[in-house]
Every structure is written in structure tokens, then in C-alpha cells.
Amino acid sequence: MPRTPRLPRNTARPHITVESLHRILRILRVATSTLDPKVLFRNVVDAIQREFPRLFHVSIFLAFKGPNVFVPMAMAGESPEIFVDKYPDGYTQNLEMGLLGQAWKTKRTYLSNDVLADSNYHCAVYPVTHSELCVPIKVEDEIVGVMNLESKRRNAFQPEDVEFFEILADQLGNAVHNSIVHDQLKSRGDQVSVLTNAAAAGENTLRDICDSLALPVLKVDSDDRVAFANRAAREILGAEKTEMDGMWFLDLLDADSRGRWETVRKASPPEKQDLRLALGLRGRALNCTWQAFPVHEGEAPLPFLLKRLD
């Protein structure tokens, strides 16, 4: 078995360049421009992707000790719709699984420059990954999450890359701490803190991923109310950002579409189906074929995620 590739704690590191410091400052400027955790994580992964276009996937996972899972808070890069197609009910990963789990357990950066030769590697989505770097994010000496960076090339990460992302993760921890305080103070009554509740974090991430897709996507709750509509769907229907949230889905459908939707609802067990639905809002129409994914969040009736196919 090949030796597990990682960066030893006492490895000598190269001196970080001025350009690297400027890169870190540019990313941190984005991170510290908001206290909203949803915006913070989204902005950070987008900024990293801009600074490092050779990385095809960048994500930040938070660790939730109660359910013992990682939840992706934001991701940037190629084909985010793969996550929606493969995990319509949201993705979680056991805290001890994969390279993320190695970074979590050891509380140290984990580098694999050849994941296919690494016995700890867990392929959740992208089979084209060949190098992966997982850097813990610490808040007051506690690991609260992991920054995950992936490349299609073997040996993609050099010591200076490891140093760069470790410095960035250390500084990002301060921004995360501020967001945790802000998020908890903002949570009142039945509101749920995104950074301290795994279910809320998963729903937040699913919304963000769907919003980045060019194709219209909607989530319909178990009671047939619209949970959310992504940006592409809202633009076609002329809706504001949260205007469709809570609307009766049947009120958006014509008579024929209601019948087709009821057929999907009555299927037992619920299953993925393709169907044609015509949605309308204030005279604007979205008439197309949709793929309906049941979202397994509990007992039937289940929510559904709808993604346009044509």
C-alpha cells in the first residue's frame, strides 16, 4: 500500500511571496465584507476560484458534531449541478470519512497529490479529481470546518500552495467566528442558526448551488408549497428573490399540469420522473419538461426538487 501523502508538521516551508500575500488580502477583503454566513462562504469560494482558475472545484464544509457530519456550505467550480442531480436532498459526509475526515481527525492539513493511490480517498461526486488539499478551519482552537480544494492534475499542489491555504484558513477562522456570533444573535424564536444546525446549513447550500445553475430549479415542499425557486426560474417568471417562497405550487400550474403533478405525488414509493409542466405568474410562462427528484427528508409525502430538462 502506498504511503499516505501528507504535509508533516515539521516540514520546512518556503517563504511566502508578496504576490501570495496580496492574493490572501484580496480574498479576505471579500470575506470580511459581510457577517452573513451564507454570503461569506459563497464569496470566499468564488474568490479562491478566481485567484486559482487551475482548481476545478473549491468548497467549504462545516463540521456538525451532533449528527457527526460535514455539510458543504458553499462550492465553486465546474458542474455544480452534479451535486443537485446526485444529491437532491442535500449532501452530508461522515466526519471521519475521506480526506476531509483525515483533516478533521488529525486537526492538520491533509494533502493527497494522487488520490487514486490514497486509501483514505472517498469519491462523492467528481471522478476526475487527481489531487486534493483539505485544510482545517479553526475557531478558538476548535476545528469547525474544512476548506477543500481539488485539481484534475496529479501533483497539483506544491508546498507554497499548502502554506498559502493554511494562512488563508487561519485568517478565515476569524471571519467565521464573527459570522457564528452574528448568526446566533440573529436567530430568534423558530428561526434556525445556519452555522449551528446541520439541516439549515444543508438547505442553505442547496439553495446556493441551485441559484448558480443556468437551468430553472424549484423545490416543492411536502404540502405543495414552493420552498424556493432559483434565479433562472425567477427571472423567467419575473419574480423577486423570495417572492415565490411559500406559494401554492398548484396555483402556478395550468389544469393539465396539475393532473400530471398529482400523478407524481400519488406514486408509491415516490420516484424520479420526467414530466411536462406549465407554470405561470402574472402573465409570464415557464412551459417545459421537468425532472422531479423526491427529496428524502422524512416520511411521505416527500418534498420534490424540480429541474428543467429542455
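1. Start at strand β11, where the bridge partner of Lys219 is Leu305. Helices and strands here are DSSP runs, numbered from the N terminus (helices H or I, at least four residues; strands E, at least two). Two strands count as paired if DSSP finds at least two bridges between them. By that criterion strand β7 (residues 217–220) pairs with β11 in the antiparallel sense, over four bridges. Val220 of this pair stands opposite Phe304 in β11.

2. Before going further, the basis of the model. This is a predicted model, in which local features need pLDDT of at least 70 and side-chain atom pairs count only at pLDDT 80 or more, while totals for chains, interfaces and linings use all residues. Residues are numbered from 1 along each chain as its sequence is written, and side-chain values use heavy atoms, with hydrogens and water left out.

3. Confidence. pLDDT is the predictor's confidence in each residue, from 0 to 100. The chain has a mean pLDDT of 84, and 87% of its residues reach 70 or more. Over residues 1–13 the pLDDT is below 50, although this stretch has 22 contacts in the model beyond near neighbours in sequence. Contact means heavy atoms within 4.5 Å. Where pLDDT is low, the predicted coordinates should not be read in detail.

4. The five-stranded sheet. Strands β7 and β11 belong to an open sheet with the order β8-β7-β11-β10-β9 and antiparallel pairing. Its edge strands are β8 (226–229) and β9 (273–281), each of which pairs on one side only. Neighbouring strands of this sheet are turned by 30° against each other on average, direction ignored. For such angles, axes are lines fitted to C-alpha atoms, for helices over the stretch in contact, and angles run from 0 to 180 degrees between N-to-C directions. Helix α8 (residues 255–266) packs on the sheet, touching β7, β9 and β11, and its direction makes about 135° with that of β9.

5. Around β7. Strands β7 and β8 pair in the antiparallel sense over three bridges. Leu218 stands opposite Ala229 in β8, and the β8 partner of Lys219 is Phe228. The two strands form a hairpin with five residues between them, and Asp224 in the turn has a positive phi of about 65°. From β7, Val217 and Lys219 point one way and Leu218 and Val220 the other way, and all are buried. Buried means under 20% relative accessible area, exposed over 50%, and partly exposed in between (1.4 Å probe, protein chains only).

6. Why is strand β11 (residues 304–308) largely enclosed by the rest of the structure? Four of its five residues are buried, so β11 is largely enclosed. Strand β10 (residues 284–294) is joined to β11 by five bridges, and the two run antiparallel. The β11 partner of Pro294 is Phe304. Lys307, also found in β11, is buried, with a relative accessible area of 9%. Neighbours within four places in sequence aside, Lys307 is in contact with Asp85, Pro216, Val217, Thr289, Trp290, Gln291 and Phe293.

7. The six-stranded sheet. A further open sheet has the order β3-β2-β1-β6-β5-β4, with antiparallel pairing. Strands β3 (93–94) and β4 stand at the edges with a single partner strand each, so one side of each is left without a neighbour in the sheet. Strand β1 (residues 57–64) is joined to strand β6 (residues 142–151) by six bridges, the two running antiparallel. Ile60 has Met147 as its bridge partner in β6. Helix α4 (residues 98–106) packs on this sheet, touching β1, β2, β3, β4, β5 (131–139) and β6, and its direction makes about 35° with that of β5.

8. Helix α2 lies across β1, β2 (69–77) and β6, running at about 50° to β2. It has 15 residues and reaches 21 Å from its first C-alpha to its last, close to the 21 Å expected at 1.5 Å a residue; the expected span is 1.5 Å times one less than the number of residues. Buried residues in α2 include Leu40, Phe41, Val44 and Ile48. Arg42 lies in α2 (residues 37–51) and is buried, with a relative accessible area of 17%. Leaving aside neighbours within four places in sequence, Arg42 is in contact with Ala74, Met75, Ala76 and Asp208. Arg42 and Asp208 are 166 residues apart in sequence and 7.9 Å apart in space, C-alpha to C-alpha.
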